[in-house]
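Hi,

Here's the structure I promised to pass on. Have a look at it first, and then read my notes below.

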Amino acid sequence: MTPGRNALFIPGPTNLPDALRRAMDIALEDQRAPDFPAFTLGLFRDLKKVFKTETGQIFLFPGSGTGGWEAAITNSLSPGDKVLASVFGQFSHLWVDLCQRHGLKVEALEVDWGEGVPVDRYAALLEADKAHEIKAVLVCHNETATGVTSDVAAVRKVLNHLKHPALLMVDGVSSIASIDFRMDEWGVDLAVSGSQKGFMLPTGLSIVGASQKALEAYKTAGCPRCFFDFGDMMKTNKDGFFPYTPATTLLRGLRASVDMLLAEGLDSVFARHHRLAEGVRKAVDAWGLRLCAAEPKWYSDTVSAICVPDGFNGNDVAKLAYLRYNLSLGLGLSKVAGRVFRIGHLGSLNDLMLLQALAGAEMAMRDLGIDVAAGSGVAAAQEYYRKTAKPVDLGNAVAAAI
Ligand SMILES: Cc1ncc(COP(=O)(O)O)c(C=O)c1O
């Protein structure tokens, strides 16, 4: 047993806030009780606020982000349908793989890892698709493997400009509830998330938003499905129930999570993530290192993938940080394995928690012989956090604290 807590800085699962832990520390309950709908209907209603949709519908499946992908695909498409996607990291790659395994024809554009969705290339292909054979366009909003955020609104603009009817599907697993996401405004037809990132919960829920257009597509979608069927869900969800045993404990946690997000205010949540991420980026600069994200427009506010110098292995940094300092950092995955380590900065976090991760990463890098000056990253982040901290009125400390 290592004393103290593991410092969890992988990009999901994230920290479980005590309030959410308590919300789930309950007796198991009757999912067919007459008062259960009073709870679930309110939860569906408030989740729509997090997804920023008034006209869409939220589905909650026992599952993870991968299950959410599967639900989105199988409920709206048929085998042989063409979809347009791009691959620039392990998660955008896995989504394409999932589509292919469901018999979809995927036009998967290869993009340098470190960049995001190639909007111009999407535009050219969509413009050429006069017969509207492309039935869905996939956008991995935040590629967690490389720390890259893509411009969903720009893809919607292209679709609208071309009057192309393809469904817009967005992987929001590491963006929704952490960075700006607007389902209705961006015309997102299927939005996929999971419980273990911005929602700060254990893994176990696929959270999917579907537009009215997606629900229309459901009526003719021929992909086989059962567990993830929207129709079965809709029949029972309308009365506040589920077609099979729901993960009631996680749903209670989700209620507390949504309450916490809405109480902080989504804009404040996004601003907090941005500020924390900026501090990490200041540290990376001070270390003389660079991010995997190729340009500032791609920088992710939920995860930073940090390139290690040639001759070093990013996975050694993560391994040593874990074994020596009880700090969990994200590994480099697939194509960038060894080239990067990742700091997840999403969920229930504050300045000093981030400084802990930066200190541990710095120590592990120095232990491995990477030439970063002792304290340099921590100092840069400290100064940034100090300068951007909310002013405190010491004369009125009691009022400020409540
Ligand atoms: C962007 C993104 N999409 C999808 C997934 C897959 O989600 P899960 O591991 O919950 O199945 C992940 C997981 O980290 C992810 O980061």
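Let's start with the strands. S5 (residues 134-140) runs parallel to S8, and the two pair over 5 bridges. Keep in mind while you look that this is a predicted model. Along that pairing, leucine 138 sits opposite methionine 169 of S8. S8 also pairs with S9 (residues 190-194), again in the parallel sense, over 3 bridges. Methionine 169 turns up here too, standing opposite leucine 190 in S9.

So is S8 buried or exposed? All 5 of the 5 residues in S8 (residues 167-171) are buried, so the strand is largely enclosed by the rest of the structure. In a regular strand, side chains alternate between the two faces of the sheet. In S8 both faces are covered: Leu167, Met169 and Asp171 are buried on one side, and Leu168 and Val170 are buried on the other.

Now for the ligand. Asp171 is also one of the residues surrounding the ligand, and Trp69, Phe91 and Asn142 are among the others. By type, the shell splits into 3 nonpolar, 7 polar and 2 charged residues. Which helix gives the most to that shell? That's H3 (residues 65-74), with 3 residues.

- Threonine 144 has one 2.5 Å from an oxygen atom of the ligand.
- Serine 64 has one 2.6 Å from a ligand oxygen.
- Lysine 197 has a side-chain N or O atom 2.7 Å from an oxygen atom of the ligand.

On its own, the ligand has 380 Å² of accessible area, and the protein covers 87% of that.

Cheers

Technical notes. Residues numbered from 1 in each chain as written. Predicted model: local features only at pLDDT ≥ 70, side-chain atom pairs only at ≥ 80, totals over all residues. Heavy atoms only, no water. Near = heavy atom within 4 Å. Polar contact = N/O pair within 3.5 Å; in protein donor to acceptor, adjacent residues only side chain to side chain. Areas by Shrake-Rupley, 256 points an atom, 1.4 Å probe, with all protein chains shown as cover. Helix = DSSP H or I, 4+ residues; strand = E, 2+ residues; numbered from the N terminus. Nonpolar A, V, L, I, M, F, W, Y, C, P; charged D, E, K, R; others polar. Buried < 20%, exposed > 50% of the residue type's maximum accessible area, 1.4 Å probe, protein only. Pairing = 2+ DSSP bridges.
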